[in-house]
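Here is a brief report on one model. It covers backbone angles, the surface and the core.

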Amino acid sequence: MGYLDNSSITVDAILTKKGRELLSRNDGSFNITSFALADDEIDYSLYNINHPDGSQFAGQAIENMPILEAFPDENNMMKHKLITLNRNSTKIPIISGINDIIMTRNISQTITPTTNYIGGTDTSATAETNYIITIADRRFFTELIGANGNVVNTNTYSDGTSVSAVATGPSFTLKPTNSLSLFGTNNQILTTATIEGLDTGAKITISITINKA
């Protein structure tokens, strides 16, 4: 979804491949309950507090930047979502405890993210209640288990491209495929996982390497 220009509130909304997949099921899976905003196209380094025409023009260059139109690639759209943090917060939320993963075929591994965020002076605030994980290519896994259970299947889109898999929870268990067909003549296959905190918006993308043996 994107604003067509910065002088009106006309919105151009298109569905991602994941959205079209859910819509095509015609079983109620496609149900928009919330939305997010992002500022992917904004270069904040252009903010010039020393603008020669006065401080009221400090953000002029940013305001005149072209706005991206919507495009249907969920892996590249809205990479920098806007979030609301406790006004007393002293930290930018960052997901830690997660590095690039090397796995072996048919052997499960659990990922438990952590976030370095506490609500500023509010020491009772929890860092994160849930995360969402997006595996770029679900064909490589037979299990992706979060709080909502196993969500992996091996479907592809009609054009043959791979389908992502998404799960939510405080931690995730991944089990790579036992099939050798995806490896071909390679000893490894590669994909990525993007993990995002549902409370703070902290996000990290890691690579996942699966060894044939």
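N106 is partly exposed because its relative accessibility is 34%, between the 20% and 50% cut-offs. The model is predicted. N106 sits in the loop between strand 4 (101-104) and strand 5 (109-111). Its phi is positive, near 70°, and N106 is not a glycine.

Most residues other than glycine have a negative phi. N26 is another non-glycine residue with a positive phi, about 55°. N26 belongs to the loop between helix 1 and helix 2. Is N26 buried or exposed? N26 is exposed, because its relative accessible area is 71% and the exposed class starts over 50%.

## Surface patch

Which residues form a nonpolar patch on the surface? They are F35, L37, Y44 and L82. Together they have about 460 Å² of accessible area.

L37 lies in the loop between helix 1 (17-25) and helix 2 (60-63). L37 counts as partly exposed because its relative accessibility is 38%.

## Nonpolar core

The largest nonpolar core holds 24 residues. Those with the most contacts inside it are I133, I135, F141, L144, L174, I208 and I210. At least two core residues come from each of strand 4, strand 7 (131-135), strand 8 (141-146), strand 10 (165-169), strand 11 (172-176), strand 12 (188-197) and strand 13 (203-211).

What does I135 touch, leaving out residues up to four places away in sequence? The contacts of I135 are F141, L144, S164, A165, L174, T192, A193 and I208.

Methods. Residues are numbered from 1 along each chain as its sequence is written. This is a predicted model: local features need pLDDT of at least 70, side-chain atom pairs count only at pLDDT 80 or more; totals for chains, interfaces and linings use all residues. Side-chain values use heavy atoms; hydrogens and water are left out. Patches are made of residues with over 30% relative accessible area and no salt bridge: like charges are joined within 9 Å, nonpolar side chains (Val, Leu, Ile, Met, Phe, Trp, Tyr) within 5 Å. Accessible areas come from the Shrake-Rupley method with a 1.4 Å probe; for residues, only the protein chains shown count as cover. A salt bridge is a side-chain nitrogen of Lys or Arg within 4 Å of a carboxyl oxygen of Asp or Glu. Helices (H or I, at least four residues) and strands (E, at least two) are DSSP runs, numbered from the N terminus. Buried means under 20% relative accessible area, exposed over 50%, partly exposed in between (1.4 Å probe, protein chains only). A nonpolar core is a set of buried Ala, Val, Leu, Ile, Met, Phe, Trp, Tyr and Cys residues joined through side-chain atoms within 4.5 Å. Contact means heavy atoms within 4.5 Å.
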